[in-house]
Amino acid sequence: MAAPPVLPKLVGQRVKRREDPRLIQGRATYVDDIALVGMQHLAFKRSDVAHGRIRSIDTRAAKVMDGVEAVFTGAEIAELLAPMPIGTPFPSPEHRAVAVDTVRYGGEPVAVVVASDRYVARDAADAIVVSYETLPAVVDPELAMTGKPTVIHPAFPNNLAVALVPSGTGVSASGSVDDSAINEAFAKADVVISQRMVNQRLAPTTMEPRGVVAHYEPGKGSMTIWSSTQNPHILRTFIAALTGLGQDQVRAIAPEVGGGFGSKINIYGEEYVAAAISKHLGIPVKWSEDRSEAFVATTHGRDILGYVDLAAKSDGTVLGLKLRLIADIGAYNMLLTAAIPTLTMLMASATYNIPAIRATLTEVFTNKTPTDAYRGAGRPEATYFVERAMDMLARELKMDPAELRRKNFIKPHQFPFATQMGAVYDSGDYEKALDLALKNAQWDRLKTERDAARAQGRLVGLGLSMYVEVCGVGPSSTLPTGGWEHSQVTIERDGRISATTGASPHGQGNETTFAQMLADQFGVPLEHITILHGDTGVVKQGIGTFGSRSQAVGGTAVHMAGAKVKSKMAKFAAALLEAHEDDLVFQNGMISVKGSPASGKSFASVAGYAYRPVPLPEGLEPGLSDEAFFEPANNTYPFGCHISMVEIDRQTGEPTLLKLVAVDDAGHLINPLIVEGQIHGGLAQGIGQAMIEEVVYNEDGQLLTGSFMDYAIPRAGDFPRFELDATVTPTPLNPLGAKGVGEAGTLGSTPCIVAAVVDALSEFGVKHIDMMLRPEKLWRIIHQGQGGQS
Amino acid sequence: MISTPFEYSRAMSLDDALAKLRATNGEGKFIAGGHSLVPLMKLRLSEPKVLIDIARIPGLSGIRTKGDKIEIGAGTSHHDVASSALLQQVCPMVAEAAAEIGDPQVRNRGTLGGSLAHADPAADYPAVMLALDAEIHVKGPKGWRMVHAHDFFRGLFTVDLAADEIIAGVQFNPVRSAAYAKLHQRASHFAIVGVAVALDVNNGVIRSARIGLTGASSYATRLKDVEEALAGKALSMPNIEAAARLAGALLEDVNSDIHASQEYRRAMIPVFTERALKGAMSRALARIQ
Ligand SMILES: Cc1cc2nc3c(=O)[nH]c(=O)nc-3n(C[C@H](O)[C@H](O)[C@H](O)COP(=O)(O)OP(=O)(O)OC[C@H]3O[C@@H](n4cnc5c(N)ncnc54)[C@H](O)[C@@H]3O)c2cc1C
């Protein structure tokens with residue numbers, strides 16, 4: 001008999017994503033594919049004014065249409081549903097899922113139709129007539145802060161959602177503020193860089209818009225809710241709370257989810273309304289967001305204004321940083337809205353040892369779609385503000401941008417490093433990432449190429465940026481839901497393995513990476529492992545996937561649960577083999593005594609024995625299934641360095657990205673192929689933000705970028721081939737040494753591209769240009785000497 | 001993003017299409033590629049009760065020679081125009097412009113006839129048709145009619161085409177020394193400014209030039225002042241550059257939107273006029289050699 005093939009170790013290998021064939025062949029089930037007997041369809045009537053008092057709503061024509069089951073106005077929904085909760089400790093105005101008397105942004109729901117199909121529902125929504133007393137709208141946060149021309153929520157004077165939170169050096173936990181250190185830093189400085197910078201508003205634009213199916217079964221008194229969400233367990237908690245059910249009575253299912261980028265963390269009004277209507281009428285109901293709705297009804301991201309002051313000595317040593325942040329959060333607080341800009345404050349030290357930092361944060365209501373998490377969520381903003389300022393400092397001091405960074409890095413021996421902002425960075429070697437990026441990009445040669453191009457009159461520039469981000473979100477103190485993750489690993493009686501994870505994937509490839517880990521742990525083929533997720537009826541506990549946590553936190557829980565089951569399985573195997581459990585090895589589908597593989601039992605036969613344990617080894621219960629909760633001790637802090645080369649068309653101002661070199665350090669990589677995919681996606685969105693993406697409103701609060709005809713997202717053809725590489729600095733905070741990588745690409749790419757464009761236009765004396773880098777904006781700098789905001 | 005209800009039927013010939021349209025009493029519309037009409041219907045800006053699909057009428061699509069002329073059927077997709085070996089050989093500007101339309105999905109579905117009938121102010125073909133002085137062949141209840149491109153485009157989304165008429169195709173004399181240059185709007189890839197140039201060159205002298213401009217105004221127009229400045233001049237860089245500088249100067253109606261202000265658009269007209277002229281010039285020179 002031929003020896004069984006030796007199974008390769010899979011962790012660290014470029015294993016192709018197991019989930020892709022079904023996703024790219026149209027065989028996956030999304031929320032919109034769910035159909036239940038008797039299911040009715042919802043359509044929302046939405047406000048077409050940005051700010052107004054509802055004078056009247058006439059639903060008569062809609063109600064009598066064929067196929068219309070019911071129509072609810074905001075007031076009627078309010079009888080079924082309490083105001084929507086938020087997930088942050090900040091004060092928040094009342095927010096009804098369907099507006100009752102005032103609308104505060106274009107697209108806010110004002111009524112909802114229940115009908116036999118989607119088309120009738122939409123026609124009926126069209127037939128509802130709403131009359132508004134239009135109120136003045138405000139879209140500029142700095143204007144809104146003056147209380148003019150309108151106050152959006154009467155209980156929040158001057159539209160201040162969060163008046164002013166100070167943080168950093170000299171700010172105590174009790175909130176007392178001592179300015180001496182920061183003032184001293186600026187007093188000692190040879191040079192101070194001061195710049196107002198806008199990190200513009202973006203639309204998350206997932207490929208699959210949102211959707212929900214709610215099915216309350218009156219006979220059972222329980223609810224099943226399918227939703228395109230990143231976190232079914234959190235959805236369950238909130239839906240239960242608002243529908244008056246117990247958490248045991250609600251089952252939340254996230255089937256296939258076509259992208260989230262942070263916008264599907266929030267629990268939305270449409271989800272609450274679907275649940276409430278289903279419970280009220282006792283029928284299943286479905287709502288599927290269309291793309292026009294997605295642009296107004298799904299949370300936006302970023303929109304933070306930063307006033308940055310950076311103080312340094314003439315040799316480039318940074319002495320202090322002041323960061324005054326104004327976040328335009330739109331019309332309401334959503335689940336995490338208020339917390340996102342606090343992450344910008346938290347990360348204000350970036351990769352640098354800055355001895356004094358003062359950040360302040362003000363959050364402002366405007367008549368726009370509410371903001372919430374968007375890929376990077378607060379950290380790209382911090383990276384952008386600090387890296388732009390560092391770049392300006394390098395230019396001011398005529399230093400190489402790489403050397404200025406090198407001078408100010410937190411050094412490897414300083415980790416764990418507590419920043420002035422209260423973050424404790426776990427591990428890092430920033431210089432190593434910088435050096436590898438410089439080497440891969442051939443930095444000095446690029447400079448020569450740039451200078452040669454310039455000598456021919458071309459506008460070519462180079463940009464460099466470092467980043468560090470906070471990932472592996474937990475621990476529990478940082479989230480109202482808790483910050484752990486959970487897994488249950490079961491060896492079935494046929495020797496196959498199922499593992500649940502609460503880190504509900506929507507593009508992260510957990511079905512592959514988690515199976516790679518288990519395959520190595522148990523010495524079985526990848527094909528014998530199924531990763532179960534996205535269903536609170538199957539996955540007993542969980543938090544969800546956001547904050548680049550699925551591998552570092554979710555993966556660790558899987559690993560821990562696997563270890564528990566393995567230890568029990570070893571006891572069964574030890575009984576069969578009459579050996580000591582510590583002497584056993586699991587490999588190639590066998591469990592055998594170390595050194596004598598021939599003596600072993602097949603993995604499946606040991607599993608079978610565990611389920612029909614005759615005789616039952618002493619002290620053991622039958623079966624092979626165990627669970628683990630992983631509570632991370634702290635966050636992980638991956639980092640990296642991005643370098644870009646850009647050329648600008650002198651005649652038109654159009655920028656073209658010629659080169660992008662990235663070195664990312666996410667600790668140990670379970671699957672470098674998947675990691676690269678994540679970085680590619682992040683880079684695309686980061687470059688998109690720098691170059692072509694921007695949500696634009698007019699002064700009346702009308703959205704001008706309400707479709708893909710006007711809101712650009714990058715396409716493959718917009719990019720050069722990305723040149724990626726990695727350094728590996730493991731985290732000590734989990735047994736995998738993995739840090740998290742889902743958002744990384746959005747951090748380094750944006751400032752590095754703006755830096756390259758500023759460099760390309762340096763002959764015009766420009767020091768900073770706000771994103772997005774519209775050709776017209778660059779053309780004005782070239783042709784009209786409008787030197788950005790210098 | 002959901003249209004109002006409509007009925008659908010498929011026409012098998014031009015006459016069948018016209019008859020089916022007549023039967024709708026003004027409530028019907030032709031649909032070809034659907035890439036202008038369907039977006040409008042989804043936003044409920046257009047609410048036809050009946051759609052008559054003309055995409056599969058035999059003979060309505062195709063690119064062929066007709067005597068000295070080239071004929072392109074109204075139902076020809078942008079992709080087929082872009083990849084036509086015949087056009088690349090005798091009149092490459094048309095293929096070049098088609099290749100710049102939208103993205104591959106749009107080019108696979110969208111048609112020449114639909115583009116001309118819809119007459120989006122930022123569409124590419126209108127400029128090309130003006131530069132070629134194409135004849136647009138139209139059939140209606142009263143039979144056939146031919147309209148010159150310069151009479152066809154009348155205003156914002158407005159062309160010389162009655163509601164009960166159908167475009168069958170276009171014919172034009174192929175011009176090799178012609179080129180198209182376009183500034184793309186990054187979201188839709190429609191033209192912020194698009195300029196089509198066709199030169200008639202003899203012995204190094206520009207006998208005449210025709211220049212179509214799109215994207216800049218509410219409808220595509222000819223840049224007559226530049227055409228006049230070029231006529232009779234030697235085909236040379238300085239002459240081209242000097243003439244291009246005039247482009248758009250007399251234009252009163254210049255668009256402005258979030259993608260490009262009036263000032264920027266105006267400034268881009270000479271830039272892309274010059275680029276198109278240079279493209280045409282290099283084709284003219286390649287021909288001489
Ligand atoms: C994302 C996107 C990007 C685009 N980018 C560009 C671009 O860069 N440049 C560009 O030029 N265009 C662009 N377009 C428009 C595209 O070229 C359309 O395909 C074209 O404008 C319409 O052609 P169609 O066959 O799709 O027409 P349809 O949408 O089917 O019809 C449009 C109108 O024309 C009428 N019609 C159609 N055929 C005829 C006919 N033979 N006779 C009479 N009436 C007729 C219809 O009744 C309808 O009113 C873009 C479209 C999209 C969706």
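Predicted model: local features only at pLDDT ≥ 70, side-chain atom pairs only at ≥ 80, totals over all residues.
**Entry 1: charges over rings**

I began with a rule: a charge sits over a ring if NZ of Lys or CZ of Arg is within 6 Å of the ring centre and within 35 degrees of the ring normal. I found another case at Arg549(A), where the charged end is over the ring of Phe546(A) and 5.3 Å from the ring's centre.

**Entry 2: strand E5**

Next I went to strand E5 of chain A, residues 109–115. Is it buried or exposed? I got 7 buried residues out of 7, so the strand is largely enclosed by the rest of the structure.

Which strands pair with E5(A)? One of them is strand E1 of chain A, residues 40–46, which pairs with E5(A) in the antiparallel sense over 6 bridges. I picked out Phe44(A) and traced its bridge partner in E5(A) to Val112(A). Strand E3 of chain A, residues 68–73, also runs antiparallel to E5(A), and 5 bridges join the two. Here I noted Thr73(A), which stands opposite Ala111(A) in E5(A).

**Entry 3: aromatic pairs**

How many aromatic pairs does the structure hold over all chains? I wrote down 20. I then looked at Phe156(A) and Phe365(A): their ring centres are 5.4 Å apart and their planes stand at 90°, so I logged the pair as edge-to-face, since that label needs over 60 degrees.

Where do these two sit? Phe156(A) is in the loop between helix H5 (141–144) and strand E7 (160–168) of chain A, while Phe365(A) is in strand E15 (residues 356–365) of chain A, so the pair ties together parts that are 209 residues apart in sequence. I checked burial too, with buried meaning under 20% relative accessible area. Phe156(A) has 9%, so I put it down as buried. Phe365(A) is at 0% and counts as buried as well.

My next pair was Phe572(A) with Tyr609(A), again edge-to-face, with 5.6 Å from centre to centre and 85° between the planes. Phe572(A) belongs to helix H16 (residues 550–577) of chain A and Tyr609(A) to helix H17 (residues 603–611) of chain A, so this pair links parts that are 37 residues apart in sequence. I found both Phe572(A) and Tyr609(A) buried.

How values were computed: Residues numbered from 1 in each chain as written. Chains lettered and ligands numbered in written order. Heavy atoms only, no water. Buried < 20%, exposed > 50% of the residue type's maximum accessible area, 1.4 Å probe, protein only. Helix = DSSP H or I, 4+ residues; strand = E, 2+ residues; numbered from the N terminus. Pairing = 2+ DSSP bridges. Phe/Tyr/Trp six-rings, centres within 6.5 Å; stacked < 30°, edge-to-face > 60°.
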